[in-house]
Structures are given as C-alpha cells and as structure tokens.
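Please read the following briefing alongside the sequence and the three-dimensional structure.

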Amino acid sequence: MRRIAHISDLHFGRTDPAVVEGLVDELNRAPPDLIIASGDFTMRARRREYAEARAFLARLSAPWVAVPGNHDIAHFKLFSRFFHPFRRYRNFIHAETEPTFLDDEIGVICLNTVRTWAPETDWSQGKITRSQIARTEARLAALPGQVFRIVVGHHPFMPPPWDAEARLVGRADEALDAFRRHGVGLTLAGHLHRHYARFVEAPETGAEPDSEAVDRGTARAHGTRLLAVQAGSATSTRLRGNEPNAYNRIRIEDGRAIVTVRVWTGTGWADAEEAAPPPAAS
Ligand SMILES: [Fe+2]
Ligand SMILES: [Fe+2]
C-alpha cells in the first residue's frame with residue numbers, strides 16, 4: 001500500500017499564510033510515502049515567490065516530485081520566457097522538470113505540459129508534444145510489470161463533468177491512448193483550481209465517461225481503468241467556483257487508487273464529504 005498527497009496550484013505570491021502553515025502541519029503529521037505537486041508554485045515566477053515555494057518544500061517530511069505550471073515561467077519577460085523559461089524553476093524547485101519516481105509499488109512519470117509560446121493570444125494553455133508522448137511510452141514500458149503507473153502533468157487531461165468543452169492539455173486524447181496502452185491507472189493534474197475525478201473509457205466502447213465519476217468526495221479506480229484526477233488549489237486565494245482550498249489524499253492498494261479530497265475548513269483540514277453541507281431536501 002502506498003499513500004500519496006497530491007497538491008497543486010500553490011501560487012506563492014498570493015497565498016493565505018494560515019492555509020500554508022496548516023498544510024505543512026497536515027502533511028507532516030502523518031507523512032505520506034510521496035507528495036506529488038502538479039505545478040503553479042508561483043503567481044508570476046518572481047524570485048521571492050520561488051523562495052517561498054522552496055522554503056515550503058524544504059519543510060516537508062515526505063519525499064516529493066513536481067512539475068512546473070504555466071505560472072512558473074515569466075509572463076512578460078520575453079527574453080527569459082523564450083531562451084531560458086525554466087531557469088528559475090530549476091534553481092529553486094528542482095533541476096529536472098520531468099522527474100520520475102519508482103519504488104516496488106508505484107511508478108510516477110511527470111510531464112512538463114507548459115508551453116513557452118503558442119500561435120494564439122493565450123499562452124497559458126498547455127500541450128504535450130509527440131516526442132513527449134514517445135518518451136513517456138518508453139518510460140512506461142521500462143517500468144516493472146507490477147507497479148501501479150501514475151502520470152502527472154499541470155494541465156487537465158479530462159474535462160470537468162460540468163464542462164465538456166473545457167480546454168484540455170493539447171494532444172490529451174493521444175496521450176490518454178498511450179497511457180492506457182501502457183496500463184496507467186491514474187493521471188494527476190491541476191490548473192483549473194477545481195477538484196474532480198473521472199474515468200477515461202476506451203474509445204472503442206464509445207461509452208460516455210463512467211457514471212461512477214465524481215466531482216467531490218471519494219473516487220475508486222480499478223486497476224484496469226484509467227482514472228483522471230484533478231486537484232483544487234492547495235493554498236492560493238485565487239479560488240474558483242466557491243471551492244475551498246483542497247488537496248487529494250490517494251491510497252494505492254491492490255491495483256486500485258482510492259482518492260479522498262481534503263478541504264480547508266477555515267481552521268484545519270477535513271475530508272470533503274464531512275466538510276460539505278448536507279444536500280438540500282427535495
Ligand atoms: Fe493555477
Ligand atoms: Fe495553471
């Protein structure tokens with residue numbers, strides 16, 4: 001059994017200090033086997049924001065892996081954006097933007113989905129290149145057969161249940177096909193600052209994403225199916241859809257991933273189902 005904490009979109013530069021302190025306490029109280037951070041450590045890739053992010057990571061007891069998000073490269077400084085976009089990320093967070101983690105139960109492969117340029121006005125959208133897909137396939141193929149396979153990126157692989165038209169990471173379909181061919185059980189991402197989890201169905205079935213898909217609470221993935229999980233923003237005050245700060249606790253056991261959302265209640269962290277108000281009587 002492995003326990004993972006999936007945090008995302010911390011956005012140092014616009015965080016609630018109480019939430020940051022609460023998250024450090026929460027993660028260190030019973031440290032998971034691995035913390036996975038799916039990007040957007042900063043607001044504007046400023047030095048002091050990166051310094052805060054690094055100080056946060058240094059306080060964590062558990063090992064961690066991370067990918068950059070679109071906010072982690074300079075937006076307006078075009079020279080640095082084009083010529084050394086990830087220099088600060090490499091200096092402050094980690095030298096590798098696509099790390100891997102492997103033990104005898106889980107294999108985690110990280111993808112840098114951030115684009116430094118796009119032929120459109122919105123450069124915040126992410127994309128996976130064909131060479132990244134090929135490299136990821138090779139990495140997945142090299143993993144021992146028994147490990148539970150997890151792929152991490154910043155931009156979403158699947159749309160929210162409430163917005164089928166939501167912009168996904170570029171080449172999401174090709175990437176998901178490749179992940180499924182290689183037995184990936186779980187994808188983790190952020191960017192939207194909203195939690196949801198839904199299964200990716202095989203295209204040949206023509207089926208809609210499974211009705212077991214959930215947008216809150218607990219999701220259970222079975223080994224033969226790929227579950228796409230999104231995290232809310234762990235510490236940022238840039239919240240969307242009235243969603244509180246949140247992160248995902250994931251247990252990998254018997255070839256399944258069991259996801260529990262933890263939300264900030266104002267004074268501490270609690271399971272989303274306990275923290276959510278009871279549904280209105282119909
Ligand atoms: Fe973000
Ligand atoms: Fe983002």
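How far apart are the iron ion (ligand 1) and the iron ion (ligand 2), and which residue coordinates both? The two ions are 3.5 Å apart, and Asp40 coordinates both of them. This is a predicted model, in which local features need pLDDT of at least 70 and side-chain atom pairs count only at pLDDT 80 or more, while totals for chains, interfaces and linings use all residues. Residues are numbered from 1 along each chain as its sequence is written, chains are lettered from A and ligands numbered from 1 in the order in which they are written, and side-chain values use heavy atoms, with hydrogens and water left out.

**Iron ion (ligand 1)**

- The protein donors of the iron ion (ligand 1) are Asp9 (OD), His11 (NE2), Asp40 (OD) and His193 (NE2), at 2.0 to 2.3 Å; donors are N, O and S atoms within 2.8 Å of the metal (3.2 Å for Na, K and Ca), and water is not among the atoms, so sites may look incomplete.
- The angles among the 4 donor atoms run from 87 to 175°, and the site is irregular; four donors count as tetrahedral if all angles lie between 85 and 135 degrees, four count as square planar and six as octahedral if opposite donors are over 155 degrees apart and all others between 65 and 115, and anything else is irregular.
- Along the sequence, the donor residues of the iron ion (ligand 1) follow the spacing D-x1-H-x28-D-x152-H.
- Asp9 lies in the loop between strand 1 (2-7) and helix 1 (17-29), and Asp40 in the loop between strand 2 (34-37) and helix 2 (47-58), so the pair ties together parts that are 31 residues apart in sequence; helices (H or I, at least four residues) and strands (E, at least two) are DSSP runs, numbered from the N terminus.
- Both Asp9 and Asp40 are buried, where buried means under 20% relative accessible area, exposed over 50% and partly exposed in between (1.4 Å probe, protein chains only).

**Iron ion (ligand 2)**

- Asp40 (OD), Asn70 (OD1), His154 (NE2) and His191 (ND1) coordinate the iron ion (ligand 2) at 2.2 to 2.3 Å.
- The 4 donor atoms around this ion subtend angles of 88 to 159°, which makes the arrangement irregular.
- The donor residues of the iron ion (ligand 2) are spaced D-x29-N-x83-H-x36-H in sequence.
- Distant parts of the chain are linked by Asp40, in the loop between strand 2 and helix 2, and Asn70, in the loop between strand 3 (64-66) and helix 3 (78-83), the two being 30 residues apart.

**Helix 2**

- The buried residues of helix 2 are Glu49, Tyr50, Ala53, Phe56 and Leu57.
- Seen down the axis of helix 2, these buried residues fall within an arc of 120°, so they line one face of the helix; the arc is that of the directions from the helix axis to the C-beta atoms.
- Exposed residues Arg47, Arg48 and Ala58 are carried on the face of helix 2 turned away from its buried side.
- The buried residues of helix 2 pack against strand 1, helix 1, strand 3 and helix 4 (87-92), with contact meaning heavy atoms within 4.5 Å.

**Helix 6**

- Leu176 lies in helix 6 (residues 172-181) and, at 4% relative accessibility, counts as buried.
- Leaving aside neighbours within four places in sequence, Leu176 is in contact with Phe157, Met158, Thr187, Val200 and Leu226.
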